[in-house]
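Student: I've just opened this one and I'd like to learn how to read it. Can you walk me through it?

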Amino acid sequence: MNNSLELLKIPLVKLGVGPNIRKHNIEMELDDLAINIRANGQSQPILAYKKKDLDEYEVLEGQRRLNAFDILNTKYPDGGYDEIYAVLTTEPESANKKMSISLGANMTQLSMTIDDIQVAVIQLWKELSNMKLVAEEYGISEKTAKKYVRGARLNERLQESTLSGEICEDPTEAIDHVMEAVDLLN
C-alpha cells in the first residue's frame, strides 16, 4: 500500500462503509460518542480511500465516528456535521488487506479501566457539582456521568469488589449490580 496520506474533509453523502470486521456493538454507546464529538470536536479522523473512477469514498477505519456524525447531522443539520475529517489513503490491493486494516484498528484499541474513568468523572463532577453541566462541558452523557459518580458513594471494599471480578467479570455490570443493591437498601 502506498504510504502517501492526505487529510481532508469529506461530505457524509460521499462516504460508504465496506465490509467491516466489527459486527457487534457498532451502535453501542454511539450517543456518548456523538455527545463527545459535539462538545470537543472530532479528535481523530477516519481512514478512507477514494473509489476508482467515482466521486465516492469507502471507510476503512472509523465506522462508529461516521455513524456519530450521521446522528449529529440529523439532530443539528446546520451544525457543520455534514462533513467529516478523513485521512485519505490509496485503495488497498485486496479484500484481505482491507480486512486486515479494519482488524488492526479494532484489535489495538484499549479501553480505559473503570477505575480510571470513575476517578476522572468524579473529578469533573466535583468541579461543577451538576451532572447536566458535566455532560455538556466535558462531552459525556448525563447517564454516563451519573453511573460513575454514584460509584464514588461506595466504601473501599465495595469499590474493590466491582473492579476485581468478585461480583462479575464485567466491571461496568458489577458497579450496576452493587449500586442497584445499595439503592434498594437505602
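Student: Let me start with a helix. Which residues in α8 are buried?

Tutor: Keep in mind that this is a predicted model. In α8, the buried residues are T172, A174, I175, V178, M179 and V182.

Student: How do I read a list like that?

Tutor: Here's the general idea: an α-helix has 3.6 residues a turn, so residues three or four places apart point the same way. Now the case here. Looking down the axis of α8, you'd find its buried residues within an arc of 155 degrees, so they line one face of the helix.

Student: What covers the buried residues of α8?

Tutor: The cover includes α4 (114–128), α6 (142–150) and α7 (156–164).

Student: And how many residues does α8 have, and how far does it reach?

Tutor: It has 15 residues, 171–185, and goes 21 Å from its first C-alpha to its last. That's close to the 21 Å expected at 1.5 Å a residue.

Student: Okay, what about two helices that touch? How do I describe that?

Tutor: Two packed helices are described by the angle between their axes and the distance between the axes.

Student: Which residues make the contact?

Tutor: From α1 it's I35, N36, A39 and N40, and from α5 it's A135, E136, E137 and Y138. Sort the residues of this contact by type and you get 4 nonpolar, 2 polar and 2 charged.

Student: Now a loop. Where is D53 found?

Tutor: D53 is in the loop between β3 (46–50) and β4 (57–61). Check its backbone too: D53 has a positive phi of about 60 degrees, although it is not a glycine.

Student: Is D53 buried or exposed?

Tutor: Exposed: its relative accessible area is 81%.

Student: Let's zoom out. How many helices and strands does the protein chain have?

Tutor: There are 8 helices and 5 strands. Along the sequence, the pattern reads β-β-α-β-β-α-β-α-α-α-α-α-α.

Student: What does the chain span, and how much of it is buried?

Tutor: The C-alpha trace spans about 65 × 35 × 25 Å along its principal axes. Of the 186 residues, 34% count as buried. As for contacts between residues at least 6 apart in sequence, 73% join residues at least 24 apart.

Methods
Residues are numbered from 1 along each chain as its sequence is written. This is a predicted model: local features need pLDDT of at least 70, side-chain atom pairs count only at pLDDT 80 or more; totals for chains, interfaces and linings use all residues. Side-chain values use heavy atoms; hydrogens and water are left out. Helices (H or I, at least four residues) and strands (E, at least two) are DSSP runs, numbered from the N terminus. Buried means under 20% relative accessible area, exposed over 50%, partly exposed in between (1.4 Å probe, protein chains only). The expected span of a helix is 1.5 Å times one less than its number of residues. The arc is that of the directions from the helix axis to the C-beta atoms. Contact means heavy atoms within 4.5 Å. Ala, Val, Leu, Ile, Met, Phe, Trp, Tyr, Cys and Pro count as nonpolar, Asp, Glu, Lys and Arg as charged, and the others, Gly among them, as polar.
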